[in-house]
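This report covers helix packing, domain contacts and the chain interface. The sequence and structure come first.

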Amino acid sequence: MGAGLAAAVVPGCGSGGGGRSGALQVWGGVPAASGPGDVVKAFQEKFPQYPVNYTRFVNDDRGNLKLDTALQGGVDIDVYFTYSQGAMALRAGSGLAADLTDRVTADPDLKVFLDTEQPRSYIDNGKVKALATAREPFFVLFNEKLRQQAGVELPQAWTIDEFRSTAKRLTTDKTVGAYTVPDIARIALGPNYWYDGNRSNFGDPHFEQGFRVGREMIADGTAFPWTEVLARHLDAYQQNSFLTEEFHLWSTAPFNLRYLYDAKKYPHDFKVAFAPSPTVDGKDWNGGSFSNFIMINPKSPKFEAAWAFVKFWLTEGATPMLKGGKLPALGGVTDDQVITGMLGKEPDKYFDMDSFRRVVLEADPKLATDTRLTGFPEITLAVKQQRDLCWLGEKDPGVAIREVRRLADAAIARNERRP
Amino acid sequence: MATAAVATASAVRTEKAPGIKPRGWIGFLFIAPNLLGVIAFTLIPLISVVVLAFTDWNLVSGLGGITFNGIDNFVAIARDPGFWHAIGLTLVYVVVSVPLTVVLGLALGIALNRPLPGRAVLRAIFFLPYIVNVVAIGMTWLMLMNPKAGLVNQVLDAFGIRPGWFASSHWALPALIVMAIWGGVGYCSLIYLSALQDAPRQLYEAADIDGASAWAKFRVITWPSLLPTTIFLLVTLIIGASQGFGLIALITAGGPGDSTTTISYYMYQTGFQFYRFGYASAIGLVTFVGVLVLTLLTWRAQRGRALNE
């Protein structure tokens, strides 16, 4: 902890530190080679008067701490990215994000960022502090080879019960039907689903339903055993088990498509088809969200250059980010650009293009981006811990969700008491 | 002649006395790089923890965001079930892993002290876990203890046992304890080995002449001569086990549930995941005092026994 204070006093050790330079300093979590490098290059062609230096930080606890201390200590950072909601609330609420309200309001291209139904921005006390650069809808991937062997139809619309029965039909001796169940409460409740007034919302039955369905699917062998997920740290490497056909249905987002179009690097011999996320009780919120929020350091002496960069990224420059599976938050890309950007050089070889067009290009799913973030990291941990115990079969779903509710209520109360 | 020599030596000492001060400063210059490091990376953080323990601070708000809140953090700690759960787990971890590591280290040290073929190689092999990178250790044990395909469970299957290890809230802590013991035994054995080689030979010879049994020689000669080493090992192992973090962060991240959230990991979560740096510092301070008390009690208990012997 003392190291934290010491870091706050002596910040910015390492790359990107030091005094003010002439170039616009941009910090992001995506490696430059995965898109940002090309965005910067395109920006500099259009705005040669604004040289840009892109610095990558690793988007984990340590990397974010490095960014926080650098921002706090006055390291030369003009524009930076925030990927987790918890960090965004802290940064925006601690004076580390410039107020972009006037710029957004004045620009007709950016008015959509003022939408609060399906928010694409983070608004702190009525001020726009962060703008989403990416749109990451969830969908369900099918292994076409195994689907056809099982004689299962590719769904174009389905319910969570149909998802479950499909997983059952796809389960064989060698392949589990699904990795896990999609987030039922999210689909039913949409954004900010953890909160209800000044308490948590875990009394809503959809949360217990999610825990229960997941546990039952694991118990009947139609979802991946959670002991294996934990023992092999599979949550971070789901793609490996999908590629080796250990499980079939995979509810995921575009950022994982990069593993599916390079059979040399990630060997597999099947095509992948797309189905939309299932619905719950007629509700159809998508488990994905607007994400990859861009923010401007309020201490930046190069605000105009920083804003030019932010606007460029949002409105015309984000195409290179498609290769990392990041659809631009404002669209502005053609279908062909999306296909070649996200599905590699031989899309027809690895993907069922009809279903891709239907589910990704033509659909307009309702994305649920959380903007209420009180006690967010604590609640995230409580949900994960209790879900693990429930899906390991050690705790009843009702008991687990009640524990989540108790911990979440305490976290909300504690954080709302803080100055 | 002798008087003259003494007088000369005295004169030399008198002449050199004024030179002590400058030599002292030169000494400081030699240790300055290390001293600066200690001040920057140990002393300042240490003082900071004490100060921050009485504040509410999220780091991101900067030094201006520090709010002093008196003893609120300590009152909150007293009422925090998560803290007491973490303390309980840490005590289990320390109380089980440290004595077993010492006992097995002693047994191994005695075994390796005998004239065995390939003794030097065996010593190196047993010491290896102590110097291998923690990530390599963690990944290896993760594979060995895979509940379905791991080597450990394949062996245990023969006895009808199939623990869930890191995928079970009941077995994850025992699994970490097994790893801690495995990692510490070689180190203990090496320390014991050097102590055993310093044990007074004449006492063993006298005991042999008196016809003492092996157990009697161990109880009366070996064990008392190893007591200072044992105290050293207990103190360092207790401190080390209380601060156990690397393997937990790497393998279990405190889970499943909170079954391996020991006090060090709880402090990390509170500070670096929840950004409650003031509260995390207070936990650090309380833990420091706890470990200090535990260490002093151990030291005093062993010291008393050594004197009685």
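The axes of helix α2 (residues 36-46) of chain A and helix α12 (residues 303-317) of chain A cross at roughly 110 degrees and come within 11 Å. Axes here are lines fitted to C-alpha atoms, for helices over the stretch in contact, and angles run from 0 to 180 degrees between N-to-C directions. Helices (H or I, at least four residues) and strands (E, at least two) are DSSP runs, numbered from the N terminus. A:Val39, A:Ala42, A:Phe43 and A:Lys46 of α2(A) make the contact with A:Phe309, A:Phe312, A:Trp313 and A:Gly317 of α12(A); two residues are in contact if their C-beta atoms, placed from the backbone, lie within 7 Å. This contact of α2(A) with α12(A) has 6 nonpolar, 1 polar and 1 charged residues. Ala, Val, Leu, Ile, Met, Phe, Trp, Tyr, Cys and Pro count as nonpolar, Asp, Glu, Lys and Arg as charged, and the others, Gly among them, as polar.

The model is predicted: local features need pLDDT of at least 70, side-chain atom pairs count only at pLDDT 80 or more, and totals for chains, interfaces and linings use all residues. Residues are numbered from 1 along each chain as its sequence is written, while chains are lettered from A and ligands numbered from 1 in the order in which they are written.

By class, the contact of α16(A) with α17(A) has 12 nonpolar, 1 polar and 2 charged residues.

Both chains carry a two-domain assignment, with bounds from an automatic or database domain assignment.

| Chain | Domain 1 | Domain 2 |
|---|---|---|
| A | 2-136 + 289-333 | 139-287 + 349-417 |
| B | 18-68 | 73-308 |

In chain A, the C-alpha centres of domain 1 and domain 2 lie 29 Å apart. Their contact takes 17 residues from domain 1 of chain A and 16 residues from domain 2 of chain A. On the domain 1 side, α4 (85-93), β4 (121-124), β5 (127-136) and β13 (289-296) of chain A each supply at least two residues. That side divides into 7 nonpolar, 6 polar and 4 charged residues.

In chain B, the centres of domain 1 and domain 2 lie 31 Å apart, and 11 residues of domain 1 are in contact with 8 residues of domain 2. α2(B) gives the most to the domain 1 side, with 3 residues.

The unreviewed UniProt entry annotates "transmembrane region" over spans of chain B including 25-54 and 83-112; such annotations may be inferred rather than shown by experiment. Residues 25-54 of chain B are 93% helix and 0% strand, with end C-alpha atoms 37 Å apart. Residues 83-112 of chain B are 100% helix and 0% strand, with end C-alpha atoms 42 Å apart.

Between the chains, the contact takes 37 residues from chain B and 30 residues from chain A. α2(B) gives the most to the chain B side, with 6 residues. By class, that side of chain B has 17 nonpolar, 17 polar and 3 charged residues.
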